[in-house]
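Hi everyone, thanks for coming.

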Amino acid sequence: MHSYTAFGLRISSDLPLPELAQDLAAATLTGDAVPEISIAEGSHHDWPAIQLSPHSTPTLAMAAADWRLELEGVGWFRAWDGTRLSWERWDDSVSNRDVRTFLVTSGIGALLIQRGALVLQGTTLVREGKAVLLLGFPASGKSTLAWCLLQQGWQLLSSELSVVDAQGLVWPGVQQLKLWQDSAVALDLDWQQLPLVRRGLKRYALGPADLPVAADPTPLALIYGLGRSKRANHKSEKEKPKEGPITTVEDASSSSEQELFRAWARKSEREALLKLRNHAYQPRFYRAMEQEASLFLQASQLLKRVAVNELIAPDGITKMRTALEAVDLLNPDALIREEEPLSAVEVEA
Amino acid sequence: MSGIDKGYWYLASYPKSGNTWCRVFITELQRLAAESEAQELNLNRDIETGAIASSRHWLDDQLGVNSCDLSFAELDPLRGRAGESAWLFAEGERFHKVHDAFKSPDSRGRAVVSTAGCRGVVYILRHPEDVVVSLSHFFSWPMDRCVDYLLDPSAALVPGERQGGNQVRQHMGRWDQHVRSWADQSELPVLVIRYEDMLSKGAETFLALATFLDLPAEPELVEQALANTSIEKLKKLEEQVGGFAEKPEGCERFFRSGRTGEGAEQLSIEQRKRLAKGLAEVMERFHYEGNTSD
């Protein structure tokens, strides 16, 4: 058994989870520490029948305190009672790395929601004892921005999902950045030496051993919602043909307004609340497990402490990296301020 | 009737074949029928007919995982199942744009879009020569490259295997394979319409579209919606909003000429012959003339 601590919880797992911090206490004092979360292999044939929530989908079977994921080709996962997480490989070709990719994201995320936690979809970094949460959907550029910030002396607290408690503290969670190959290249990383997130994906994983990480819960000072400039959206990756040059944001032309970070504050409480609701980690899990009321309550409590800003990064990784040198994310007022644009194009639903 | 009873529809097409025009028309027809606001159509705000079927965000919600952690080959067989329950929570968003072929080489013989709860598909096709010209403007590619693209059995729209993007890979294959994949599938009722008929026989074609989609199909309403969404009107509206949000970088305007026959004027004889030879059967089936001279 392996022992870890993440999100303020002691976790035991039959599978090594190097994305989480080792539980040193458990390693030295064997036996007397009862884990709050147990992760173990099990058979989906043993799962009891449940009354499905209407928010279930063909891959997600959910009830109040029971969450099940059937991911064809990868495996079966079940989180229940806020304490147990079981997994099963689809077949022998599925590696430990394949399994834990989904265990430490969707699996632990579901457990945390069952435990009543406020889990937001975002990466949290720390500097000067203050935490900044970068909210954003997958592929919105959180990890690339986070990596650049780590080069400037920030520390990684939690990636992909971040838990904020009632005191406004963000807890150390999964501490891994996943970078696409184009990002890794643009950031001058020796990507050939980096482990793949999963076999067959041109996506690389940097874990706690490779990154400066923060070990303590830290008060959340600011939230930034990562957006894209309308222009970057116009580039419309969706319409890129396969044979085309891999047009990264790097290729964007050099109009100066695109070379700086811009930000604006969410002034309306309702907008800010919706922002947090939409960026809860998997809102469908909240609905299906009957935790949405608690999500709203916790999110509105959080808004009494912390402001939500929108942040538009320059188009292009190199430009973003350069622009970041002149920016202090702990001081949003020093960023180029904009009125909330009417036609703000966000990376949203 | 609740949103659940209404089901949902696909508007499928090879890119640059009139899909957006159809969506704009549907939005306008619904607006006119509802007699809600007298406001003019706003391209960037009002075209809310439904998410594109390849939206990553939508897939993440349905699958319950970060789809960036799955390869495109792993995703294709899952995508069809993913949408099975989506209509439950998509009231008002009932018309989904699709550029994928109905199945992909990775989808294990399954449709890449959900068919459960789907009431049908409108497949829009356009003369491949004109598609080439339009694609060339859209991608900022030379014509020859676009001809190759229409003839490429592995053609796809992708965000690149090396980066994420807001959408997942959309396999299209050769232009004729794309047409057949939708027109000849038997899992969904299909209405095939030609872009050329949308232009030359607008009233009749759009009335058929409205009827098929179970939309208000009074001829006067359809004609009014059609008049409000003419290419000239759309060009003007695009100017007003300062560029349509679906326009890619480098592409001057999304709504360009909308004309037919540009391919025959602008492509070389050799390019036209390559298309005619490679796509002969389907072109003939849908009454598209090509250059077949020796």
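Okay, so let's begin with chain B: of its 294 residues, 50% are buried. Keep in mind that this is a predicted model. Chain B contains 15 helices along with six strands. If you take the contacts in chain B between residues at least 6 apart in sequence, 72% of them join residues at least 24 apart.

Now for the sheet. In what order do the four strands of the open sheet in chain B sit? They go 2-1-3-6, and the pairing is parallel. As a bit of background, strands of a sheet pair through backbone hydrogen bonds, either parallel or antiparallel.

Which strands of chain B stand at the edges? Those are strand 2, residues 95-98, and strand 6, residues 190-194; each has a single partner strand, so one side of each has no neighbour in the sheet. On average, neighbouring strands here are turned by 20 degrees against each other, ignoring direction.

Let's zoom in on one pair. Strand 1 of chain B, residues 8-13, is joined to strand 2 of chain B by four bridges, and the two run parallel. Tyr10(B), for instance, has His96(B) in strand 2 as its bridge partner. There's also a helix packing on this sheet: helix 10 of chain B, residues 202-212, touches strand 3 (118-125) and strand 6. The direction of helix 10 makes about 160 degrees with that of strand 6.

Last stop, chain A. His2(A) lies in strand 1 of that chain, residues 2-6. Why does His2(A) count as partly exposed? Because it has 17 C-beta neighbours inside 10 Å, and buried would take 20 or more. Leaving aside residues up to four places away in sequence, His2(A) touches Ser13(A), Pro16(A) and Leu17(A).

Methods. Residues numbered from 1 in each chain as written. Chains lettered and ligands numbered in written order. Predicted model: local features only at pLDDT ≥ 70, side-chain atom pairs only at ≥ 80, totals over all residues. Buried ≥ 20, exposed ≤ 12 C-beta atoms within 10 Å, placed from the backbone. Contact = placed C-beta atoms within 7 Å. Pairing = 2+ DSSP bridges. Axes fitted to C-alpha atoms, helices over the stretch in contact; angles between N-to-C directions.
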